[in-house]
Amino acid sequence: MGTGGSERLVTASREGTGAAGRTFVLTLIVLAAALSAAVVGLATPADPPPAGPLSPLSRLGIAAGVMAIAQLARLRLRVASGLVSVTWGEAALIIGLYLAPAGWLPAATFVGAGVAWLLLSFFSDRRTPIEIVHVTASLTVAVALATTVTTAFGDPFRQALSPALAGVLALGALTYLLVTGWLAALTLSLRHGRPIGSLLLRALRGKLLMFVGNVLVGLVVIAMLDRDPRWLLLLPPALWLLQQTYGHRLRAEDERRLWQSFAGATKELNQLDERAVATAGVAGALTLFGAERVDVEVLRPDGRRRRYRGDGVTALEETDLAAGASTDDAGEGDEVEVRPLAVGGVPVGDLRVRFSRPIEPDARDQMALSAFSDALASALHDAATHRQLQIMTERSRYEAVHDQLTRLANRAALLLKGDVALRQLDRDTPVTLLLLDLDHFKEVNDTLGHAAGDDLLRATAARLEALKHPGELLARLDGDEFALLVTGLDDGESPMPQALRRARRIVEELAAPTEVAGVTMSVEVSVGVVVAAAGTADMAELVRRAENAMYQAKTGGDSVAWYDSAKDEASTDRLALLAELREALEGDDQLVLALQPAVNLSTGAPTGVEALIRWRHPRRGPLSPFDFVRVIEGSDLLGPFTRYVVDKALTVAAEWASHGMDVPISVNLSARSLLDPRLPADIGELLRRHRVPAHRLVLEITETVVLSELEIIDEVLGSLRDLGVQLSVDDFGTGFSSLTFLTRIAVDELKVDRSFVRKMADSPEAAAIVRTTVGLGRELGLRVVAEGVETADQRAALAALGCSAAQGYHFFKPMPADKIVAVLRSLLDSAQAQVFPLRADGAS
């Protein structure tokens, strides 16, 4: 085995003075050892050769010739970033030990190997003199050590072949193999900084079969020389076949290693981060192609590039390159393969693989490089797409809970985060909400323009932000309204005086002159103040009360007013309605379900039934959810009410099951219900009590939930999913962060809001939203149900778009539970390829 026989000696300018210097020192040491071994071997007295036709000089020349032929008939093995030659060196050693005194072989090797590598360099490798000296000296040292080990057990010169002699010669050949392998690995390790152990094992594995063959060939040649040298005429064909066998095995092994490494390298590209993909790309190319250096350049949208460079030794180097900057810095004699990275014709970047002499990529390498480039391009494109989605998601998340003009929290964020803050406090802890409205803001817009009005709102927001204390929640509600939730009132003083004092200070601070559109003005505000215990109202109710107080301030001529329940007719009626609802929950005849099926647009079969709550109020008459659900959501009756509705829905579902009908039933959930960590356990208990499989219950959540990103909501929804309950997103398309939500919580169904269905015939925007929702559902494997379908044209348009199901008055109005069984049975029995405009106009 030639040590680094096909490795180039890198210069300091390309590999660093440290590596080049260490390699040069190794060359000097090996050369000194080789010359010493050759001189000492020739000078050491040896037994004279027996009388015969060959003179001592002839024997020395034949030994040198055998060594030269052994090197010329080489095969090359790729190890790390270089090539190692595997030769017939062991066979040549055994033959040389038989033909000439052992002490002569170092000199014969120095001459024969030197001539052979000069010829190889001239005709193929183009090696530098220092490289030739390094290889020749390494082989000479290996032969010297091998002859020393061999002669320590016996001198094989002109001895008859015997099992003992064969063992001694095999030991010498093994020594030669280990020394050449170790020197080759040491050379590669010094040049490339790789661990010597792995390099040595790779080189020895590649040579193992040839080593066995070499020993056998050497012993066979000795046997032929003993018996009759004319037998040697039979060797060339056999040696040629062996050479082909060795070459085929090395190529097959290299091929297996390449594609095995290719599979591993492409698997590592399955990342969603650009740096991770580029790092895997650099590492994969270094391993696959034994490259000296690899650059992965990623194209930015502005034309700039980010280069990731690695050589397998130093840490990955990252550099930002200006648009149009040259990146070709290969050294002289280096082979650089550049592969443009593109997906669908869209440029992604470039892959640059630098090979150094004498490695040149062959056809197989070119094919593997092209395939790897395509995989890398796809991975980088996916990472870039994922990054853009992340940016859009983060922007969407931010915009969903922030006012775009002032960057304060918006109304939705105030309601949800405020509710969470209230639930974290003791029920009797006093809190205050200050609601501010700018006076004469319309005059500012009309006089100075809307741009000036926006500047005034931003300036007001900045001043309020400066007045906010840690832990308080500041939001812009609508137009010129702002709200501040204060939860840290002093326990040592009555809460109302504290709240009023805080409100008047804000009024004074905002009244300080400010310049807007070149005009100095003083901002006047009206502030409504409400103080309540944390457990007595939700944020929606606090906002309503604060707005009531704010309007009192405006009409009363004072800048600050506090909420007075005696002046709030809605508050008195609300308390009465809650008391009446509590009574209704204790009975079973006032709160009833109205059930509306959804049908498959292809077959007419029912896909589910939505349960809608109705209140048959004994005094107020029939009430729709709009009349009382909002009041419930702001009270402590929300939990019992939710469980009541789910209980009645599961009672109906259990009756369907007794009739052999497997149809899911849907129940709407309030966003505030999802703040209750006990909800999953309660629903699980109801499912067990009614013996209804969890997948038959569908809980519909509105896109208000999407705005929250509260951990408690995600935990509750996750627990419901664990039960096996299905989740549906109601009114899909009306919120800001639907797509964001779908990445957080796995859902089963999307319900297209009725407003888009109603407008899609006349509004391209509404039609596009419906089409996109249907396509999204198809891609994600979700059911898509269109709500509010009232005409045959709407049904046909939805079917043409590929919408799977729909519900609305065109099919059925909501109906009582005693009629739904017959309708479902009829639909199931007569399901066919087309939906007919069935109606239930007589249903109540």
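Student: Does Ala517 count as buried or exposed, and at what relative accessibility?

Tutor: In this predicted model, Ala517 is found in the loop between β12 (514-516) and β13 (519-521). Exposed means over 50% relative accessible area. Ala517 therefore counts as exposed, its relative accessibility being 53%.

Student: What is the phi of Ala517?

Tutor: Ala517 is a residue other than glycine, yet its phi is positive. The value is near 55 degrees.

Student: Where is Arg691, and what relative accessibility does Arg691 have?

Tutor: Arg691 lies in the loop between α20 (679-690) and β20 (697-702). Although Arg691 is not a glycine, its phi is positive, at about 55 degrees. Arg691 counts as exposed because its relative accessibility is 78%.

Student: Is Arg352 buried or exposed, and which side chain does the side chain of Arg352 contact?

Tutor: Arg352 belongs to strand β8 (residues 346-355). Buried means under 20% relative accessible area, so Arg352, with 15%, is buried. Its side chain makes a polar contact, at 3.3 Å, with the side chain of Glu297.

Student: What is the strand order of the open sheet of 5 strands?

Tutor: The edge strands are β10 (473-476) and β15 (560-562), each of which pairs on one side only. The pairing in this sheet is mixed, and the twist from one strand to the next averages 15 degrees. The order is β10-β11-β9-β14-β15.

Student: In which sense do β9 and β14 pair, and over how many bridges?

Tutor: Strand β9 covers residues 430-438 and strand β14 covers residues 525-533. Asp437 stands opposite Ser526 in β14. The sense of the β9 and β14 pairing is antiparallel, and the number of bridges is 9.

Student: Which helices pack on this sheet, and what angle does the direction of each make with that of β14?

Tutor: Helix α15 (residues 495-510) touches β9, β11 (481-486), β14 and β15. Helix α16 (residues 539-556) also touches β9, β11, β14 and β15. The angle with the direction of β14 is about 160 degrees for α15 and about 140 degrees for α16.

Notes
Residues are numbered from 1 along each chain as its sequence is written. This is a predicted model: local features need pLDDT of at least 70, side-chain atom pairs count only at pLDDT 80 or more; totals for chains, interfaces and linings use all residues. Side-chain values use heavy atoms; hydrogens and water are left out. Two strands pair if DSSP finds at least two bridges between them. Helices (H or I, at least four residues) and strands (E, at least two) are DSSP runs, numbered from the N terminus. Axes are lines fitted to C-alpha atoms, for helices over the stretch in contact, and angles run from 0 to 180 degrees between N-to-C directions. Contact means heavy atoms within 4.5 Å. Buried means under 20% relative accessible area, exposed over 50%, partly exposed in between (1.4 Å probe, protein chains only). A polar contact is a pair of N or O atoms within 3.5 Å; within protein, one must be able to donate a hydrogen and the other to accept it, and residues adjacent in sequence count only if both atoms are side-chain atoms.
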